[in-house]
Amino acid sequence: MASLGAHIIIAGQNELKGVSAVKRICEENREAKVEFDQLNLASLQSVRQFVQSIKRRGLPLHILVNNVFRQCYSAHAAYSQSKLALLLFSSHLQQRLDRGGFPVSSWAVDPGMVDTSLYCHLFTTARLARTAIARLLFRSPSQGTSTVLYTALSPSLEGEEGAYWSNGCTEMTSPNTYDPQLHRGLWDSSCRQVGLP
């Protein structure tokens, strides 16, 4: 994104990692417009402060990439539920955008099994096993971003309705993801939790 001239704001809780990422990007591309802003997604106050900061700067928002799953309090069940919620929310958001006539696409993207710190919450035996096979079966973080970047940047997808993407192509999802009651229930619950009408 930086090499294409995008003004990038990396938002995250860990300032050390964020500033380090900015430094690496700028070392690779001296013309890069990239910065870090503190954002704790577990705090609505932090989210609102971040939004106000962006609004004050008057920067246009063309692409938003959400990548959250910091704690896996129940490794498999919580991960599966969060993926279902992502698909439901993304699909319902696309429906609302379509009804409002907004030329925006909402994509749900699965990067696949990526060798990141996400798995540090596994119990010891599973963590050791993961370390042993990660190099053989898992993607590197840069490989894991390929589908995310494709859906965010590909001109061929402009004007297309959002869908579920995995491994560089659209895929069918489970019947639950098409349930209108689940769509609406998750949307309404999300609005209540963040204090929106």
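In strand S4, Trp-165 is the bridge partner of Val-109. This pairing comes from a predicted model, in which local features need pLDDT of at least 70 and side-chain atom pairs count only at pLDDT 80 or more, while totals for chains, interfaces and linings use all residues. Residues are numbered from 1 along each chain as its sequence is written, and side-chain values use heavy atoms, with hydrogens and water left out.

The bridge belongs to a wider arrangement. S3 and S4 run parallel and are joined by three bridges; two strands are taken to pair if DSSP finds at least two bridges between them. Together with S5 they form an open sheet of three strands, in the order S3-S4-S5 and with mixed pairing. Strand S3 (108–110) and strand S5 (169–170) are the edge strands, each pairing on one side only. As a reminder, strands of a sheet pair through backbone hydrogen bonds, either parallel or antiparallel.

Stepping back to the whole protein, the secondary structure comes to seven helices and five strands. Both kinds of element are DSSP runs numbered from the N terminus, helices being H or I with at least four residues and strands E with at least two. Read from the N terminus on, the elements follow the order β-α-β-α-α-β-α-α-α-β-β-α.

Rings of Phe, Tyr and Trp (its six-membered ring) pair if their centres lie within 6.5 Å; planes under 30 degrees apart count as stacked, over 60 as edge-to-face and the rest as tilted. The rings of Phe-89 and Trp-187 form a stacked pair, because their centres are 5.0 Å apart and their planes stand at 20°. Phe-89 lies in helix H3 (residues 75–100) and Trp-187 in helix H7 (residues 180–194), so this pair ties together parts that are 98 residues apart in sequence. Phe-89 is partly exposed, at a relative accessible area of 33%, whereas Trp-187 counts as buried at 13% relative accessibility. Here buried means under 20% relative accessible area, exposed over 50% and partly exposed in between (1.4 Å probe, protein chains only).

For Tyr-150 and Trp-165, the ring centres are 5.4 Å apart and the planes are at 55°, so the pair is tilted. This pair links distant parts of the chain, with Tyr-150 in helix H6 (residues 146–153) and Trp-165 in strand S4 (residues 164–166), 15 residues apart. Tyr-150 is partly exposed, with a relative accessible area of 34%, and Trp-165 is buried at 7%. Ring pairs also bring in Trp-107, which joins Tyr-150 and Trp-165 in a cluster.

What makes up the largest nonpolar core? Its six residues are Ala-2, Ile-8, Val-22, Ala-32, Val-34 and Phe-36, a core being a set of buried Ala, Val, Leu, Ile, Met, Phe, Trp, Tyr and Cys residues joined through side-chain atoms within 4.5 Å. Leaving aside residues up to four places away in sequence, Ala-32 touches Ala-2 and Ile-25.

Across the protein, buried residues account for 25% of the 197 residues. Of the contacts (heavy atoms within 4.5 Å) between residues at least 6 apart in sequence, 63% join residues at least 24 apart. The structure holds zero disulfides, a disulfide being a pair of cysteine sulfur atoms within 2.5 Å. Cys-26 is partly exposed at 29% relative accessibility, and Cys-169 is likewise partly exposed, with a relative accessible area of 36%.
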